[in-house]
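This report covers selected local features of one protein model. The sequence and structure are shown first.

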Amino acid sequence: MLLAGSPCPPAGLEEYRGCGARRGAEDQGVKVPWQLGRGPSAFIPLEEILQEGAQSSRHQLLVEAFVSAGRVDNITMVMGLHPQYLSSFWKTQYLLLRMDGPLPYHKRHYIAIMAAARHQCSYLVGLHMGEFLQVGGNPAWLQGLHCAPQKLRNLNEINKLLAHRPWLITKEHIEALLKTGEHSWSLAELVQALVLLTHYHSLASFVFGCGINPEEEQDGGHGCRPPSPHSDSSSASDDSMGGSRGKDGLREVEVLMERMKLLQESQQEEEGVTQEEMATRFELEKTESLLVAPSDLSDHSLQSNVLCFVEDPEFGYKDFTRRGEQAPPTFRAQDYTWEDHGYSLINRLYPDVGQLLDEKFQVVYNLTYNTIAMHCGVDTSMLRRAIWNYVHCVFGIRYDDYDYGEVNQLLERSLKIYIKTVACYPEKTTKRMYTQFWRHFKHSEKVHINLLLLEARMQAALLYALRAVTRYMT
């Protein structure tokens, strides 16, 4: 696989496994229920999830998930194609939801609901409504945001900005939440809330980007629809490589390989590009990204069980050029980096989570199997960096030392459309977008892209939020 690596556990779906974790668990004397279903994803054939993940490390992680939670959810099944990442993800989520921290458990789940609702992600909303009740949350709060305590409702504005336009967050937003009064937040509580919000906004991107199906018990339990409101009616395996489409897909792979080779050669020759030219290429890419929009978007109404947690539902990521407004102001990554600033701030205010977030970012960024489609022994670092930096670009973040000309060379238009949709308005993702790009690649490689999107998006939003916190503190 192109970009990723190894599995670990959250909690959720019974067993789809015809082999794998079920057999492994039974080897350990654990009886695992057998469930025949449509599979964890509307985009990925069940056979490929089972076949791709038939490694002992993956089995062990899924067994651990089942033993600890009594079930393995659909997100875990799909993330399990990359065991190394799943392990890191699960440790972080476990710390956020279940370990010591400034916020009580029921409020953590309520914040997860608020975050998921911004992207109309009924899958995650339903999941955390159940978790909220399990840890003793007040059922009345689930009638909607208007029934929650004022302190939680005060998070609405920053939730909205983090989800859709994080570049608008200022120290004044932080100050308003921390001001003295009966509904004020402590700095430690707020940092945990910010991490939870960005975690679940990004996880909603993964749910829609991979077409995660509702759990069986969710179908009736919380009125959950399939997570992708625009899923095409075609079957999950309709992207088979037949006829001219297969030839076109094969050609795409060869073109990508050739471009990577040429870029690597030109880098070795060290053809100097001035800082001015680098800046110009970023601005060009950022402007072009505003014009990248899927052609098959359609409006849809919010489900009432999600809408009740959303204020100002019309607010979203905007293509500013449509209104003649400016693109997001450029955030120079060198001025406020995760490594030098964000990481240390979180570690000071929310010990342990900074370390786990850092590990998770690094795992996914460096994850590779040195393969691309049918090619082995390939250095994919250039491609991974292009995807990561393109996500940051659509959120206005620029790396001075990166040549954004590479993005245009390595990411074809259908992939850019998919990346931008999943990162910025994931609820508009369709199955057609998923099948249109990289037609000759494995599904596990497309899942790897979704992991990169999840983490790049989370880091981008966190950088804006933590920069505002730093400015408030100084």
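## Glutamate 189

The model is predicted. Glutamate 189 lies in helix H11, which covers residues 187-209. Glutamate 189 has a relative accessible area of 15%, and because buried means under 20%, this residue counts as buried.

Apart from neighbours within four places in sequence, glutamate 189 makes contact with Pro102, Leu103, Lys151 and Ser184.

## Proline 139

Proline 139 sits in the loop that runs between helix H7 (122-134) and helix H8 (150-153). The relative accessibility of proline 139 is 53%, so this residue is classed as exposed, the cut-off being over 50%.

With neighbours within four places in sequence set aside, the contacts of proline 139 are Phe132 and Leu133. Methionine 129 is ten residues from proline 139 in sequence, and the C-alpha to C-alpha separation of the two is 9.0 Å.

## Helices H18 and H20

Two packed helices are described by the angle between their axes and the distance between the axes. For helix H18 (residues 381-394) and helix H20 (residues 413-424), the axes come within 10 Å and cross at roughly 55 degrees. H18 and H20 are therefore oblique to each other. The crossing of H18 with H20 is right-handed.

On the H18 side, the residues in contact are Ile387, Tyr390, Val391 and Val394; their counterparts in H20 are Lys416, Ile419, Lys420, Ala423 and Cys424. Sorted by class, this contact of H18 with H20 holds seven nonpolar residues, two charged residues and no polar ones.

Key:
Residues are numbered from 1 along each chain as its sequence is written. This is a predicted model: local features need pLDDT of at least 70, side-chain atom pairs count only at pLDDT 80 or more; totals for chains, interfaces and linings use all residues. Side-chain values use heavy atoms; hydrogens and water are left out. Axes are lines fitted to C-alpha atoms, for helices over the stretch in contact, and angles run from 0 to 180 degrees between N-to-C directions. Helices (H or I, at least four residues) and strands (E, at least two) are DSSP runs, numbered from the N terminus. Angles under 35 degrees count as roughly parallel, over 145 as roughly antiparallel, 65 to 115 as roughly perpendicular and the rest as oblique. A crossing is left-handed if the near helix is turned anticlockwise from the far one by less than a right angle, and right-handed if clockwise. Contact means heavy atoms within 4.5 Å. Ala, Val, Leu, Ile, Met, Phe, Trp, Tyr, Cys and Pro count as nonpolar, Asp, Glu, Lys and Arg as charged, and the others, Gly among them, as polar. Buried means under 20% relative accessible area, exposed over 50%, partly exposed in between (1.4 Å probe, protein chains only).
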